[in-house]
Amino acid sequence: MRIRIVDAFTDRPFAGNPAGVLLLDAFPDDAWLQNVALEVNHAETAFAHRLPEGGDADWALRWFTPATEVAMCGHATLATAHVLHTTGAHEGPVRFATLSGVLIATPHEDGAITLDFPTAPLTPVELPDGVAEALGAEPLTAFDTGPNIGDLVIEVADEKTVLGLTPDHKALARYSERGIIATARAEDPSRGYDFVSRCFFPNVGIDEDPVTGSAHTALAPYWSERLGRAGLTGLQASRRSGLVRTELRGDRTLLTGHAVTVIEGELLA
């Protein structure tokens, strides 16, 4: 079967967030899926198969990190939609049946793809003891993101603080189900983004995720309320880096970005 590595939330190779993508006839057993994800060893590997016509969705989609299956993943969904459209396996908007319900990916003429995801519910929480030391910065606020995301959104003083974080990943693991989203307002919005973030997910085997679509379903409502605009652009400032355009629509958040296939080969196992 064909296996592809796709860089998501970028329009150039070797940036954004890489994901493995496999289009299957059906899902094999979970152990095989997990072993493939471990072999690929990127933040996520996506597995999809076509569904019968006439249902609520066109393709079934699952996501695995090297350590576990996850309930939601933005960049691997974008990567899968990119593969479907660039190979001709699907035309027009595609509906994915996932653990987070039906998610829709809509292609645009310029090659960008918009994902329609549920908006994460934000609940303010008291700062846990020790989180500042583990993160390496003093938090200003902390919000729980609900069961689909399983993170804490933590705002810190400024963009420079986000860029300079060197957290204790092992210590961070005790503060949320998946990890920590550290964020701040952009220092200079004329650079093309409104807020900056970094994502640390030690509980699913990812010390730092390069660009996280699902995190932006929480960052979009957080910053839209503070900046007074429904449409924003976020920079995830990892070493690879990437931009995510967000549009808040109540209980749904639209995430838009590009993707690039960088490797295509044959899986023999």
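In this predicted model, Arg 226 lies over the face of Tyr 222, at 3.5 Å from the ring centre. Tyr 222 also belongs to an aromatic cluster, together with Phe 143, Phe 195 and Trp 223.

**Aromatic rings**

- The structure holds 5 aromatic pairs.
- One of these pairs joins Phe 143 and Tyr 222, with 5.4 Å from centre to centre and 75° between the planes, an edge-to-face arrangement.
- This pair connects distant parts of the chain: Phe 143 sits in strand β10 (residues 141-144) and Tyr 222 in helix α6 (residues 216-227), and the two are 79 residues apart.
- Tyr 222 and Trp 223 pair as well; their ring centres are 5.2 Å apart and their planes stand at 85°, which is over 60°, so this pair is also edge-to-face.
- Phe 143 and Tyr 222 are both buried.
- Tyr 222 counts as buried because its relative accessibility is 1%, and buried means under 20%.
- Trp 223 has a relative accessibility of 0%, so Trp 223 counts as buried.

**Charges over rings**

- The side chain of Arg 226 is placed over the ring face of Tyr 222, a residue that pairs with Phe 143.
- In another part of the model, Arg 62 lies over the face of Phe 27, at 5.4 Å from the ring centre.

**Nonpolar cores**

- The largest nonpolar core has 47 residues, and Trp 63 and Phe 96 have the most contacts inside it.
- Helix α2 (residues 74-87) supplies the largest share of this core, with 6 residues.
- Leaving aside residues up to four places away in sequence, Phe 96 touches several residues, including Ala 57, Trp 59, Leu 61, Thr 77, Thr 80, Ala 81 and Leu 84.
- Phe 96 also touches Gly 101, Val 102, Leu 103 and Ala 105.

**The largest pocket**

- The volume of the largest pocket is about 220 Å³.
- Its lining is made up of 13 residues, and those nearest the pocket centre are Phe 9, Thr 10, Asp 11, Gly 242 and Leu 243.
- Two or more lining residues come from each of the elements β16 (242-249) and β17 (252-257).
- β16 gives the most to the lining, with 3 residues.

Methods:
Residues numbered from 1 in each chain as written. Predicted model: local features only at pLDDT ≥ 70, side-chain atom pairs only at ≥ 80, totals over all residues. Heavy atoms only, no water. Core = buried A, V, L, I, M, F, W, Y, C linked by side-chain atoms within 4.5 Å. Buried < 20%, exposed > 50% of the residue type's maximum accessible area, 1.4 Å probe, protein only. Helix = DSSP H or I, 4+ residues; strand = E, 2+ residues; numbered from the N terminus. Contact = heavy atoms within 4.5 Å. Phe/Tyr/Trp six-rings, centres within 6.5 Å; stacked < 30°, edge-to-face > 60°. Lys NZ or Arg CZ within 6 Å of the ring centre and 35° of its normal. 1 Å grid on protein atoms, 1.4 Å probe; cavity = no way out; pocket = protein on both sides within 12 Å on 5 of 7 lines; lining within 4 Å. Points joined across faces, edges and corners; volume = space filled by probe spheres on them.
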